[in-house]
Amino acid sequence: MTLEWDGCLNGRDVGGLPTADGRRIRSSALLRSDSHTRLTADGIAAVRAAGISRILDLRWTHEIER
């Protein structure tokens, strides 16, 4: 499911995808997205309304430095 976060170009709920043990990821339990640097005020409000509790930045150091 595509997430409607204004300013986020590629946000997705990966709920429903299979896990290694044959189960499925619970909907809204794992969200992935591109950089949040372009989020508008409405986009930030949408992220907060989604109840996000942790953000993991999986970029390489050289990507973060850019």
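Q: In which loop does Ser28 lie?
A: This is a predicted model, in which local features need pLDDT of at least 70 and side-chain atom pairs count only at pLDDT 80 or more, while totals for chains, interfaces and linings use all residues. Residues are numbered from 1 along each chain as its sequence is written, and side-chain values use heavy atoms, with hydrogens and water left out. Strands (E, at least two residues) and helices (H or I, at least four) are DSSP runs numbered from the N terminus. On that basis, Ser28 lies in the loop between β1 (12–13) and β2 (31–32).

Q: What is the phi of Ser28?
A: Most residues other than glycine have a negative phi. Ser28 is not a glycine, yet its phi is positive, at about 70°.

Q: Is Ser28 buried or exposed?
A: Buried means under 20% relative accessible area, exposed over 50%, and partly exposed in between (1.4 Å probe, protein chains only). Because its relative accessibility is 53%, Ser28 counts as exposed.

Q: Where is Arg38 placed, and which residues is Arg38 in contact with, leaving aside neighbours within four places in sequence?
A: Arg38 sits in the loop between β2 and α1 (41–49). With a relative accessible area of 42%, Arg38 is partly exposed. Gly7 is 31 residues away from Arg38 in sequence, but their C-alpha atoms are 5.0 Å apart. Contact means heavy atoms within 4.5 Å, and beyond neighbours within four places in sequence Arg38 is in contact with Asp6, Gly7 and Leu9.

Q: Which residues make up the largest nonpolar core?
A: A nonpolar core is a set of buried Ala, Val, Leu, Ile, Met, Phe, Trp, Tyr and Cys residues joined through side-chain atoms within 4.5 Å. Trp5, leaving aside neighbours within four places in sequence, is in contact with residues including Leu39 and Val47. The largest such core has five residues: Leu3, Trp5, Cys8, Leu39 and Val47.

Q: What share of the residues in the protein is buried?
A: The protein contains two helices and two strands, in the order β-β-α-α along the sequence. Of the 66 residues, the buried share is 15%.
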